[in-house]
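Hi everyone, thanks for making time for this. I'd like to walk you through one protein model, so please have a look at it before I start talking.

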Amino acid sequence: MNEFEIMNLMNDIKYGWVDKDKNKHSEDDDNFINNYVLQSPKELIESRLGVCWDQVELERYYFKESGYDVKTYFIVYYDDNKCPTHTFLTFSKNNLYYWFEHSWEKLRGIHEYKTEKELLLDVKNKFIKYELDNNYIIDNLELYKYEKPKYHINVEEFYRYCESGINIIL
């Protein structure tokens, strides 16, 4: 499968989340922190509903099955209440770098870059533009490269796992 075929498969997935009791939620709410669990790719295919954390794992599965070398990243802004995050997948092909984005609907697509740094800076700048207010503190923004996590972990475990990855300084 190529990246366009993978995007076509991902178009069956909607944004939302499934809780530990298998209840479906179409929006993030107060229950997310205490009831979310990371779905396996198979579970996401069945539920057809997942946040970026879930969707990146399905993307990882499809890309790996297709022989691609991929990297996954977790960007987070630490504040006192909501701590917005995003996960995303990248791959390289023909000496170019690609940001594969499905869950962030406003930016859905396969974005091409000449360098990996250019790609990561673009995602960081878009995260700042669309997810943070003008009073953000740059030192509270972190980007981590992380490997495949265990499935069925909760929000706190997912944060800890990603934070144990490589902290990328941009």
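So, how many salt bridges does the count come to? The count comes to seven salt bridges, where a salt bridge is a side-chain nitrogen of Lys or Arg within 4 Å of a carboxyl oxygen of Asp or Glu. Before I show you some of them, a bit of housekeeping. This is a predicted model, where local features need pLDDT of at least 70 and side-chain atom pairs count only at pLDDT 80 or more, while totals for chains, interfaces and linings use all residues. Residues are numbered from 1 along each chain as its sequence is written, and side-chain values use heavy atoms, with hydrogens and water left out.

Side chains of opposite charge can pair when their charged atoms come close. Take Glu116 and Lys71: their closest N and O atoms are 2.8 Å apart.

For the wording, buried means under 20% relative accessible area, exposed means over 50%, and partly exposed is in between, using a 1.4 Å probe and protein chains only.

Now stay within a helix. Glu156 forms a salt bridge with Arg160, with the closest N and O atoms 2.6 Å apart. Why are they about one helical turn apart? Because they are four residues apart in helix 6. Glu156 is exposed at 53%, whereas Arg160 is partly exposed at 47%.

Glu46 and Lys42 make a salt bridge too, at 3.9 Å from N to O. They are four residues apart in helix 3 (residues 41–47), so about one helical turn separates them. Both Glu46 and Lys42 are exposed.

Let's move on to the aromatic rings. A pair of aromatic rings is described by the distance of the centres and the angle of the planes. Here, rings of Phe, Tyr and Trp (its six-membered ring) pair if their centres lie within 6.5 Å; planes under 30 degrees apart count as stacked, over 60 as edge-to-face and the rest as tilted. By that rule we get 21 aromatic pairs. One of them is Phe63 with Tyr68, an edge-to-face pair with 4.9 Å centre to centre and 85° between the planes. Phe63 and Tyr68 are both buried.

Phe74 and Phe158 are edge-to-face as well, at 5.8 Å centre to centre and 75° between the planes. This pair links distant parts of the chain, with Phe74 in strand 3 (residues 70–77) and Phe158 in helix 6, 84 residues apart. Phe74 is buried at 0% relative accessible area, and Phe158 is buried at 0% too. Both also belong to one aromatic cluster, whose members include Trp17, Trp53 and Tyr144.

Which residues form the positive surface patch? That would be Lys14, Lys24, Arg48 and Arg108. To be in a patch, a residue needs over 30% relative accessible area and no salt bridge, and like charges are joined within 9 Å. Lys14 is in the loop between helix 1 (3–10) and strand 1 (17–18), and it is exposed at 52%.

There is a patch of negative charge as well, where Glu27, Asp28, Asp29 and Asp30 gather. Asp30 lies in the loop between strand 2 (24–25) and helix 2 (31–35), and it is exposed at 72%.

Last stop, the backbone. Most residues other than glycine have a negative phi. Asn95 has a positive one, near 65°. You'll find Asn95 in the loop between strand 4 (85–93) and strand 5 (96–101), exposed at 76%. His152 also has a positive phi, near 70°. His152 is in the loop between strand 7 (141–146) and helix 6 (155–163), and it is partly exposed at 45%.

That's my tour, so over to you for questions.

Definitions and conventions
Patches are made of residues with over 30% relative accessible area and no salt bridge: like charges are joined within 9 Å, nonpolar side chains (Val, Leu, Ile, Met, Phe, Trp, Tyr) within 5 Å. Accessible areas come from the Shrake-Rupley method with a 1.4 Å probe; for residues, only the protein chains shown count as cover. Lys and Arg count as positive and Asp and Glu as negative; His and the chain ends are not counted. The place of a charge is taken as NZ of Lys, CZ of Arg, CG of Asp or CD of Glu. Helices (H or I, at least four residues) and strands (E, at least two) are DSSP runs, numbered from the N terminus.
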